[in-house]
Amino acid sequence: FCHGPAVLNTLDGTFNDNIASLKLYGSAKVRLCRNANLGGLCKNYTSSKSNLPVAIRNKASSLRVFTGFIPVPLPVAPVTHSTGPINLKSSFMANLDNGNVGSAGADIWYHAVNPVEKYIEPRNGAKLA
């Protein structure tokens, strides 16, 4: 198929996992990715390929056609829901989205094993770094 500059986050049934070669014209370049939304293993091509490498041949599920420099994906900025101190007593849970202490929607559990051994444990899919 022929396509101008664009991002195709998903390929339709005709082309999904069914691209074995590339024909590029002018200054066109392409980034092929094995997963949707330009995810998984991706390969950039700046010239036509009559036979793509096995790692990507007939395995692409998304692509980007572009000219110029290879676009660098921007990092996703973290979202801050709330800030400030929280008074969390031993063995209590807290919702970090709104600062409420209790079990409803809790993101963390202040787990005191004994007076010396204490942990903050993520809950309900929350992640701590």
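**View 1. Val30 sits in strand S2, residues 29-35.** Strands here are DSSP runs of E with at least two residues, numbered from the N terminus. This is a predicted model, where local features need pLDDT of at least 70, side-chain atom pairs count only at pLDDT 80 or more, and totals for chains, interfaces and linings use all residues. Residues are numbered from 1 along each chain as its sequence is written, and side-chain values use heavy atoms, with hydrogens and water left out. Val30 counts as buried because its relative accessibility is 4% (buried means under 20% relative accessible area, with a 1.4 Å probe and protein chains only). Beyond its neighbours within four places in sequence, Val30 is in contact (heavy atoms within 4.5 Å) with residues including Leu22, Lys43, Tyr45 and Phe66.

**View 2. Four strands line up as an open sheet in the order S1-S4-S2-S3.** The pairing is antiparallel; two strands pair if DSSP finds at least two bridges between them. S1 (6-8) and S3 (39-45) stand at the edges with a single partner strand each, so one side of each has no neighbour in the sheet. Zoom in on S2 and S3 and you'll find 5 bridges joining them, with Leu32 opposite Lys43 in S3.

**View 3. Ser61 lies in the loop between S3 and strand S4 (62-66).** Ser61 is buried too, at 11% relative accessibility. Its side chain makes a polar contact of 2.8 Å with the side chain of Asn16 (a pair of N or O atoms within 3.5 Å; within protein, one must be able to donate a hydrogen and the other to accept it, and residues adjacent in sequence count only if both atoms are side-chain atoms). Another polar contact, of 3.4 Å, links the side chains of Ser61 and Asp17.

Note on methods:
Buried < 20%, exposed > 50% of the residue type's maximum accessible area, 1.4 Å probe, protein only.
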